[in-house]
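Hello,

Here is the structure I promised to pass on to you. Have a look at it first, and then read on for what turned up in it.

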Amino acid sequence: MTRSLIGLCAGVFFMIMMLFMVPESGQPSDFTLFLGRFHPLVVHLPIGILMVATILEGLSRIPSFRGRYDTGILALLYIGVWTSIMAVIAGLYLAQGGGYAADQLMWHKRLGILVVFLASLAYLYKAWPALSEQLFKRWESGIYGVTLSVMLLALIFTGHFGGVMTHGSDYLTRYLPDGIRQIAGLPKKADLGRLDLDDPSQTTVYAALIAPILASRCEGCHNASVQRGGLRLDDPEFILLGGDSGPSIVSGRSDESELIHRIWLPAISDESMPPNESPQLSVAEAELLRWWVDAGASFEELLPDAEWTPSTQTIVDYMGLGEIRTGIFALDTAPPDSMDVLALSSRGFAVTPLAENEPYLQVRCLNLEACSNTTNIDEVLRPLSDQIAWLDLGRSQVGDPFMEVIADLPHVTRLYLQQTSVTDAGLSHLQGLDYLEYLNLYGTQISDSGLVYLEDLSSLTSLYIWQTQTTETGISRLQSALPQLYINHGSNLAPVGSDPEGE
């Protein structure tokens with residue numbers, strides 16, 4: 001018995017020494033990686049052995065089985081300690097290959113070491129009950145039971161983190177029935193792999209699709225703490241900087257990008273990334289990365305602006321991004337009340353739906369004289385302020401006072417004010433219209449001073465200002481502030497996006 005104690009102490013001491021001797025990162029040799037490959041083989045032994053020992057100890061609490069399995073339990077605990085030590089040491093070498101999430105690896109490692117110490121304590125109690133009784137008196141039995149219980153929990157969580165690192169975070173839950181998934185607060189199986197974005201229209205391709213792939217598959221070896229090959233992939237700045245082999249990506253050229261080259265190599269290649277003992281990229285993930293690089297590797301491009309290839313379109317359709325609503329269509333707006341629509345129609349306006357199954361309306365002034373009555377019109381427009389998207393007041397007697405009414409229509413995208421009495425002062429009320437895309441001011445008295453009020457309308461794409469008092473100087477200033485804005489000031493031929501009704 002004394003020999004076994006000496007051997008056990010030597011094994012634990014050797015494990016502790018290896019914890020300090022085996023570096024956590026670096027460039028491991030082939031022999032080091034070869035030793036690490038024994039970890040998956042060895043690690044299952046202590047799991048089974050120590051679980052059987054715990055079960056037999058539980059049976060021994062039954063009076064009819066008391067003392068029957070003591071010799072077997074003692075042997076199992078001894079073998080369990082040694083196989084745990086072997087698994088920890090092999091795991092240290094395997095971890096050098098990289099490709100694992102740092103936090104998951106940390107917990108897997110710490111819990112594995114805890115199993116070794118708890119199994120050792122349990123063995124010491126079982127081998128020398130008299131010593132334990134002398135040290136702990138009447139509490140020794142309770143301490144032994146707690147040790148075994150905590151050891152069993154540590155085994156379970158060690159195995160869990162090992163499975164997560166090797167097979168992914170949903171390895172245990174992937175095939176749970178929907179009923180159990182609902183109780184556990186997990187999404188239905190049909191929703192797995194689908195993106196849940198707060199506002200897809202304002203989310204970049206990189207944030208929604210690319211960064212999650214790099215975080216789950218690549219950042220285990222290429223993060224702020226570990227940079228294998230001198231490469232970090234946890235931040236756009238470092239992705240562009242590249243590593244020891246040069247740039248990781250070449251914008252527009254996936255065939256010249258080291259990152260894409262490595263992820264498409266066969267798993268048996270030494271240069272394949274991630275290492276083949278780590279969770280691998282799916283074909284869909286690899287294809288998205290390649291498409292992103294070929295499309296220019298933009299970190300700023302929004303999802304609605306992306307041009308999908310047939311293969312990536314299939315992927316994003318499955319992820320729930322087939323139809324990305326933008327602008328006012330991305331908002332949760334209630335349908336218009338039919339009585340409010342009827343009230344507006346009775347005041348000389350034509351009111352029609354903007355599109356089928358959409359809550360938005362296009363409103364056109366038919367009674368040009370009635371449109372100038374600010375007080376009365378405000379009463380019927382205000383209940384529909386969220387639903388009015390197109391408003392045509394062209395050729396009416398509308399002037400600056402009515403612009404205060406328009407300022408309370410937050411979802412207006414097209415506004416026709418041609419040949420009205422609107423002046424520069426009236427344009428100041430448009431500054432809060434965040435979704436305004438089209439503005440027709442043809443034949444009004446606006447000047448360069450009024451154009452200044454339009455400089456913050458970032459959504460504005462079309463402006464018609466011919467036959468106004470604006471000058472080339474004011475137009476140039478506005479164009480500099482809004483480079484994407486098409487400005488028709490009378491000298492333009494074949495105006496892009498012009499509307500016949502606005503001419």
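Strands β1 and β2 pair in the antiparallel sense, over 5 bridges. Within that pairing, V351 is the residue opposite V363 of β2. Please keep in mind as you read that this is a predicted model.

On to the other neighbour of β2. With strand β3 (residues 388-392), β2 pairs in the parallel sense, and there are 4 bridges. Here L361 has I388 of β3 as its bridge partner. The two faces of β2 are worth a look as well: L361, V363 and C365 make up a covered face, while Q362 and R364 make up an uncovered one. So what lies across β1 and β2? That is helix α14 (residues 338-345), which runs at about 145° to β1.

If you zoom out, these strands belong to an open sheet of 7 strands with mixed pairing, in the order β1-β2-β3-β4-β5-β6-β7. The edges are taken by β1 (349-353) and β7 (486-488); each has a single partner strand, so one side of each is left without a neighbour in the sheet. On average, neighbouring strands of this sheet are turned by 10° against each other, direction ignored. As a reminder, strands of a sheet pair through backbone hydrogen bonds, in either a parallel or an antiparallel way.

Further along the sheet, strand β4 (residues 414-416) and strand β5 (residues 438-440) pair in the parallel sense over 3 bridges. R414 is found opposite Y438 in β5. In the loop between β4 and α17 (424-427) you will find Q418. Is Q418 buried or exposed? Q418 is buried, because its relative accessible area is 1%, which falls under the 20% cut-off for that label. Between the C-alpha atoms of Q418 and W466 there are 9.7 Å, although the two residues are 48 residues apart along the chain.

Now for the helices. Helix α1 (residues 2-21) packs with helix α4 (residues 70-95) at an angle of about 15°, and their axes are 10 Å apart. The two are therefore roughly parallel to each other, since angles under 35 degrees count that way. Their crossing is left-handed. On the α1 side, the residues that meet α4 are S4, G7, L8, G11, V12, F14, M15, M18 and L19. Among their counterparts in α4 are Y78, W82, I85 and Y93.

From α9, the contact involves V205, Y206, L209, I210, I213, L214 and R217. From α12, it involves E285, L288, L289, W291 and W292.

Which side chain does the side chain of R232 make a polar contact with? It is that of D234, at 2.9 Å. Leaving aside neighbours within four places in sequence, R232 is also in contact with H222, N223, A224, Q227, F238 and I239.

Do write back with any questions.

Best wishes

Notes. Residues numbered from 1 in each chain as written. Predicted model: local features only at pLDDT ≥ 70, side-chain atom pairs only at ≥ 80, totals over all residues. Heavy atoms only, no water. Pairing = 2+ DSSP bridges. Axes fitted to C-alpha atoms, helices over the stretch in contact; angles between N-to-C directions. Contact = heavy atoms within 4.5 Å. Polar contact = N/O pair within 3.5 Å; in protein donor to acceptor, adjacent residues only side chain to side chain. Buried < 20%, exposed > 50% of the residue type's maximum accessible area, 1.4 Å probe, protein only. Parallel < 35°, antiparallel > 145°, perpendicular 65-115°, else oblique. Left-handed = near helix turned anticlockwise from the far one by under 90°.
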